[in-house]
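Hi everyone, thanks for having me.

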Amino acid sequence: MGNCWATYLGPQKNTNVRVSLPAVCIIWQLAMIVLFGIFIRYDEESDAHWIEHRRQHNITSDIENDFYFRYPSFQDVHVMIFVGFGFLMTFLKRYSFGGVGFNFLIASFGLQWALLMQGWFHALDPATGKITIGIEGLINADFCCAGSLIAYGALLGKISPVQCLVVTLFGVTLFAVEEYIILDLLHCRDAGGSMVIHCFGGYYGLAISWVLYRPNLHQSKQLIGSVYHSDLFAMIGTLFLWMFWPSFNSAIADHGDGQHRAAINTYLALASSVLTAVAISSLSQKKGKLDMVHIQNATLAGGVAMGTSAEFMISPYGSLIVGFFCGIISVFGYLMIVFLYFVSAFLEKYLKIQDTCGVHNLHAVPGLLGGFIGAIVAAFASEGVYGKEGLINTFNFEGEFANRGVGTQGAFQAAGTCVSIAFGLVGGILVGMFLLCIYEEIIHPVLEYNNHMVLKHQDIAESNFSVEQS
Amino acid sequence: MGNCWATYLGPQKNTNVRVSLPAVCIIWQLAMIVLFGIFIRYDEESDAHWIEHRRQHNITSDIENDFYFRYPSFQDVHVMIFVGFGFLMTFLKRYSFGGVGFNFLIASFGLQWALLMQGWFHALDPATGKITIGIEGLINADFCCAGSLIAYGALLGKISPVQCLVVTLFGVTLFAVEEYIILDLLHCRDAGGSMVIHCFGGYYGLAISWVLYRPNLHQSKQLIGSVYHSDLFAMIGTLFLWMFWPSFNSAIADHGDGQHRAAINTYLALASSVLTAVAISSLSQKKGKLDMVHIQNATLAGGVAMGTSAEFMISPYGSLIVGFFCGIISVFGYLMIVFLYFVSAFLEKYLKIQDTCGVHNLHAVPGLLGGFIGAIVAAFASEGVYGKEGLINTFNFEGEFANRGVGTQGAFQAAGTCVSIAFGLVGGILVGMFLLCIYEEIIHPVLEYNNHMVLKHQDIAESNFSVEQS
Amino acid sequence: MGNCWATYLGPQKNTNVRVSLPAVCIIWQLAMIVLFGIFIRYDEESDAHWIEHRRQHNITSDIENDFYFRYPSFQDVHVMIFVGFGFLMTFLKRYSFGGVGFNFLIASFGLQWALLMQGWFHALDPATGKITIGIEGLINADFCCAGSLIAYGALLGKISPVQCLVVTLFGVTLFAVEEYIILDLLHCRDAGGSMVIHCFGGYYGLAISWVLYRPNLHQSKQLIGSVYHSDLFAMIGTLFLWMFWPSFNSAIADHGDGQHRAAINTYLALASSVLTAVAISSLSQKKGKLDMVHIQNATLAGGVAMGTSAEFMISPYGSLIVGFFCGIISVFGYLMIVFLYFVSAFLEKYLKIQDTCGVHNLHAVPGLLGGFIGAIVAAFASEGVYGKEGLINTFNFEGEFANRGVGTQGAFQAAGTCVSIAFGLVGGILVGMFLLCIYEEIIHPVLEYNNHMVLKHQDIAESNFSVEQS
């Protein structure tokens, strides 16, 4: 088992990973320390000078510190990144630890690099040359990691830890550039990141998967089964993502009504997508039983698709409609023959992409939809619905964008979605090719490694799961 | 296995569920969209007009938005509903997915219907005919679902998904009416819902279980075992309920000291109930070993019983006393022979009720106690303890209730508890009879379905759990 | 199996635990009720008089209530105590329930006793003779339990439930005295408790383990294995500790910038320690595979070591450096031969200590480091970095300490660390000796009991885990 990999992977270099992974971790972490030393400082709300700053700006209370507006949402997002994404990936029976553990490694490196990259683009003080960070910076760093973790979902079990880190390094970099273009240059609104996180992350991962495609990966299907308790762990991941999605979409929305509305809209869209996901899943199965994989993925699609428009006045029934269609579309992506042929099978047979975690149906397509839904909702915004000040406040029509109309805003939102797809696809292809280039140099035999990961438990695992052993 | 059910369930209609469940999900979700479109709008704190509203009402800061008072508690309650209740139901070895999955479906539908039902009774603006929702509305909707989820705990493994949805539809409706009578007409206080949630939900489920009782359900006992890891998942459910119960009882309490005090009281009652639950469980077992089922249920009883009085000045030692007795009573409910005979065995043998999850001892009785404890604490409230303004503030003695005395309040609290029991029992019987009436029409063979639910994993599951296979 | 214990444990007294555990639980809980009745009252922010208090003190809004500053962090800490510490202890395949369940019992008793002990030392009103409690008191009580739970980590599977409670009773008492000396008399700062919680708790547990050492405990190694799913549960514990550590270190820090900065620093140190832990773990293993036990423990060490200095202006890169070295040191503690010999093997062979959960490398050493890092950071604090007011505010140089310099503060921080070690070691030895003295009286055969704990599931468990059966 796993020997079929030897040919593909060339001569075994088992010792490589003992050198390459520690070397990359230590050197990159040292680089982070040096770069943080040069660039990163506390912002005025987390600096000890805050007590003086407060008095000078007539801030009446410590509760006005941004920490109290955003910290509860931050912790929820943090749980989504580490438990949600992590345990969502435990369903493969031989990669439970790999799923959780590499998720942990990717996010821990990614958030440091994200603080730097996003800081350079968004928070660099030209006078001092320093980046200042606060609670909003931490949330954005977690968001930025989410992009790479989504990509990892399409690559699960196929790449090594060092390759994960390479994918993350470039993923975070591309994310920061793409985010700068979409949010700053195009002045799009995207509080929950339908475009910048999900659409980008999904296509980035799929493009890498396409470049790294190897036909004999089919033979690994015997390794890509799931077991009862693995699925229950995956359900923990799903539930934490589902429950905390209102925090995800509201975490960096505007103070006050912005955060409030984003939470309500996401809550409603998620509830709605559960019912349609159950309906379509039941309709598709013999005897109407439910497939937990459909439920897990489709229920989350509602949250993804609300990412951009959650802070808009989409209205409660609008949120339900978004959830309604996302549940349907996401499950269809998995099962209907016509879609299977054109999407999943098409992906694997013609486009030569393997999508381990179903990233296409969970992130890429709902993110894409979310971007365009946001464009439509923005284009139909009016002073009647938002109020004169509310409209300016919600879309931040200030400074150089003071004269932008809602129609223009809608067009830019749509353009932003296209930018995120382009960045995902082109970036993913380039990163995939880079991974192939450096392959012989630093990368060890991948699946071999992953097999060793679980060997420790194999004596027990085999007795438990012998039914599936070849 | 499971064939014994065929006779009971009449001719097999395996295709039914493929039609009925999707049809109900889609139609009801469409109905929700239409009703939300007609009735539901953002409240002033989540509407984009908030920026104008703030200035008009001289609100100095965005942090005054109710979102920041309640959002952390809301997320904790949300976790209790989906992870807490969900995983508490995973202990049945063949219904782990059923427990979590149907819990998910019930809550997702229930919260939408609850926003409408509670809105019509509590938040309908007569001028516009619209319901406005905000964060407090979402918490109340989650609470309303809790009532139906508690009822589901008594029906776990016995009803189909469509029946679940029917139970939820009527459960939420009854809840909203009962809540209106208790909180508005009787002007009771019940921040943590001992009466309106736990007492109602418990008796509602038990009454339905009584109507649906079938003797050959005994034969399913081989399916109602638990396994080591299932129990560990159930322990996750228990712990999240236990830890977040202070948020449950304080989520919709008054701003300021009300929320603060509710959290402290619940925290103390829960801690106290752990020690007595351990004591009684150990006392009852051979060699003093502990039964995790006792611990799981009894420790939660302390939180349930504090639901009404958590926001009162029950004093810290009063909270400990409540927890002390609840731990004892709840464990006794499970084990002492005299109680077994009169309660559990009595329930099954004479009242013909099967109570899968022990809802009677975990919710119904502690909820009942909580209601009467609240009545007593209210009746003994005094200006010396609460302060003149504090008393008015805590019991909301304003408007038409400005002249109500604490003794009267206590009497009304007790009356409210009786109302909740009556609604639970009568409503449950009617809903149970309705389920029987529509049985042949829309409901598919239940356990057959549930069996199929896990068949997917059976090849593996059977190798794991072969000891218990018949 | 387990019979080897009979000799050591003397004549079997199987009925003891049926008497001793319930008796201790009931009597101690009754004592808590009486003591709470005499001493504990709501503080002014959780009392119904708050509405009057607010007006008298010109507090403009309910949001100024300390509840809203600290409740989100409190709930996170609560999750760490019950799920984090609890599930971290599930990795032993036969003690999953014991780990979670006794953790639950210890913490539930400990937090009540902690409210009293900490209240007597910190919050006793000399005029009324009452202790007032609020949300900060609850957080401190949870922290105080953490000390005893850390000690329990070194004793897991070796002591009975009653012994757990005895260890907790004295542990909380010692904690309160030690905390009073360090925080009040020496005027140290220790928001995240590197000194008072982790260093004290670690050495307290190790000292007890040393006194209770018995050579034939070696034979229990067959019981101290782990299985795949147990490890995945332990990973849940680890992740919740890791994710919520920023809340732990910021929960009782100063309002405003203090809490904000503590969260940022901890977040960064934790991320950094993941990379070095992965590096060293991979370097040490054949073929570079990762050992999840290293990852689990080492990644947390970064949070422990930031406990004291998290609220200081250690700067973001300073936090990364702390995490960097903690990850390395903690993994080294587990694996490098030279360290194994001098630390772990040395501990077991020469010092005769068995450290089930690796408390030395996870809490004691990182806590010790954290204390000294705090001393160094304090000694190098300057008005340039903190601002004049910020320096006074951060180190609370007021009242009798108004003239203390930063150098002196650093020296006192170092002295505080030594006090915590001394209390841990001396207290642990005394408590261990006390446990030996009362052994014959109240303590039942320990492991025998623990074996029974899981016997309920043995029929199934044995079929699952037969590979490891002797």
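Strands here are DSSP runs of E with at least two residues, helices are runs of H or I with at least four, and both are numbered from the N terminus.

Quick housekeeping: this is a predicted model, where local features need pLDDT of at least 70 and side-chain atom pairs count only at pLDDT 80 or more, while totals for chains, interfaces and linings use all residues. Residues are numbered from 1 along each chain as its sequence is written, chains are lettered from A and ligands numbered from 1 in the order in which they are written, and side-chain values use heavy atoms, leaving out hydrogens and water.

Which strands pair with strand 3 of chain A? Strand 1 of chain A (residues 40-42) does, parallel, over three bridges, and I40(A) has I131(A) as its bridge partner. Strand 2 of chain A (residues 124-125) runs antiparallel to strand 3, with two bridges; there, D125(A) stands opposite K130(A). Pairing needs at least two DSSP bridges between the strands. Strands 2 and 3 of chain A form a hairpin with four residues between them, and G129(A) in the turn has a positive phi of about 70 degrees.

Now, most residues other than glycine have a negative phi. N58(A), though, has a positive phi, near 55 degrees; N58(A) sits in the loop between helix 3 (50-56) and helix 4 (66-88) of chain A.
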